[in-house]
Amino acid sequence: MEYEKITEFENLLKAFNKAKLGNRNKESVAKFENNLMESILYLQHLLKTGKYKMSGYYEFYVYEPKQRLVKSCHFKDKVVQQALCEEIVKPKISKILIKDNYASQPGKGTHFGLDRLSGFMRSYYFSRKNKLILKFKEGGKYPSKEALKWCTEGYVLKCDIRKFFYNIRHDVIKSMIARNFEDERVRKLIYHIIDSCPDPGIPIGNQLSQWLAVLYLNDMDHMIKSKLGIKYYGRYMDDFYLIHQDKSYLKYCLKVIKNYLKGVGLELNQKTQIFPLRHGIDFLGFHTYLTDSGKVIRKLRRNSKNKMKKKIRKYKKMLDKGLITEKEIKLSLKAWKAHASHGNCYNLIKNMEEYYKEVFKKGENKCLKD
């Protein structure tokens with residue numbers, strides 16, 4: 001039975017080692033680790049006997065990219081969710097998702113989603129270009145640059161869901177769990193974690209919540225790909241797009257999507273719109289657009305550049321007060337540069353280096369040179 005995978009000592013120990021990453025300095029982690037054998041054996045006993053209960057949440061707000069209430073569970077609950085997700089939930093759910101559902105899955109993520117979008121744009125352009133060339137060949141000609149602009153004609157339906165995590169209905173997600181998980185004890189454990197938060201809503205911060213959110217719109221993904229026949233579609237959590245040549249058909253798709261979302265307790269927010277493909281698409285922190293020659297350009301969004309400049313000014317003040325080390329600054333800036341390098345951002349990165357030197361006075365700290 002699947003449930004035994006969660007209760008095996010080796011799997012709980014492995015879950016502990018993963019759960020403590022990034023949390024080593026927390027008192028609850030140290031307390032668990034100081035009595036590691038006893039802590040895991042006790043957790044194992046609670047799970048085996050069906051006496052395991054969630055211990056509640058620590059609540060706090062984060063403000064990037066917007067204000068969100070985060071609920072962080074106790075460390076023992078993190079260990080249980082780590083074992084549950086790694087041993088059962090992730091392998092099970094991963095098998096039923098479409099390829100273009102990018103969140104929370106190994107081997108996917110933001111950069112995979114961005115590359116898929118670029119590939120979709122190129123495919124859209126060159127499929128239309130081939131049709132155009134065949135049409136012109138009948139008259140013994142080759143399409144002009146002006147005629148080739150037709151290849152970029154098309155539309156995008158860009159959708160964003162209002163307060164996605166806060167509006168996930170417990171009855172709906174439980175029915176999806178019941179459909180895909182045969183082991184009654186696994187279902188009972190997942191239901192218990194779902195019900196640890198008021199209905200509707202699942203807590204941002206739970207590892208299980210990430211997988212439940214990925215699953216919640218899986219039926220919609222399949223509907224868009226199969227029933228609506230949208231070839232160029234991608235989703236990252238509550239942010240998704242459809243590309244199609246016919247604006248009126250995308251309007252129809254929008255109606256179908258709205259009706260589906262209404263049935264599961266969700267609605268689209270004011271960011272949802274239909275616009276020409278040549279305007280480009282804001283997705284996963286970049287603005288990706290298609291040129292008249294079929295080249296795909298990816299630029300980092302302006303707010304990312306502004307946030308990095310704000311961080312640099314903040315880092316300078318913190319360094320002067322001894323609140324941050326040069327190594328920590330270096331790691332943060334390297335991470336931003338690595339992210340920006342996934343776009344056509346050579347000049348932007350160079351300009352950011354110059355801005356850093358300006359703020360830190362003649363480049364006394366050489367964070368960006370490594």
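Begin with the contacts of the whole chain, where a contact means heavy atoms within 4.5 Å. Among contacts between residues at least 6 apart in sequence, 69% join residues at least 24 apart. The model is predicted, so local features need pLDDT of at least 70 and side-chain atom pairs count only at pLDDT 80 or more, while totals for chains, interfaces and linings use all residues. Residues are numbered from 1 along each chain as its sequence is written, and side-chain values use heavy atoms, without hydrogens and water.

Next, display the cartoon. The protein has 15 helices and nine strands; these are DSSP runs (helices H or I, at least four residues; strands E, at least two), numbered from the N terminus. The C-alpha trace spans about 80 × 60 × 35 Å along its principal axes.

Now select helix α4, residues 36–49, and find Q44 within this helix. Is Q44 buried or exposed? Q44 is buried because its relative accessibility is 12%, and buried means under 20% relative accessible area, exposed over 50%, partly exposed in between (1.4 Å probe, protein chains only). Leaving aside residues up to four places away in sequence, Q44 touches T7, E8, F9 and L12. Of the 370 residues in the protein, 47% are buried.

Then move to helix α13, residues 302–320, which holds K314. With a relative accessible area of 52%, K314 is exposed. Finally, select K307, K310, K311, R313, K314, K317 and K321, which gather in a patch of positive charge on the surface. Lys and Arg count as positive, and each charge is placed at NZ of Lys or CZ of Arg.

How values were computed. Patches are made of residues with over 30% relative accessible area and no salt bridge: like charges are joined within 9 Å, nonpolar side chains (Val, Leu, Ile, Met, Phe, Trp, Tyr) within 5 Å. Accessible areas come from the Shrake-Rupley method with a 1.4 Å probe; for residues, only the protein chains shown count as cover. A salt bridge is a side-chain nitrogen of Lys or Arg within 4 Å of a carboxyl oxygen of Asp or Glu.
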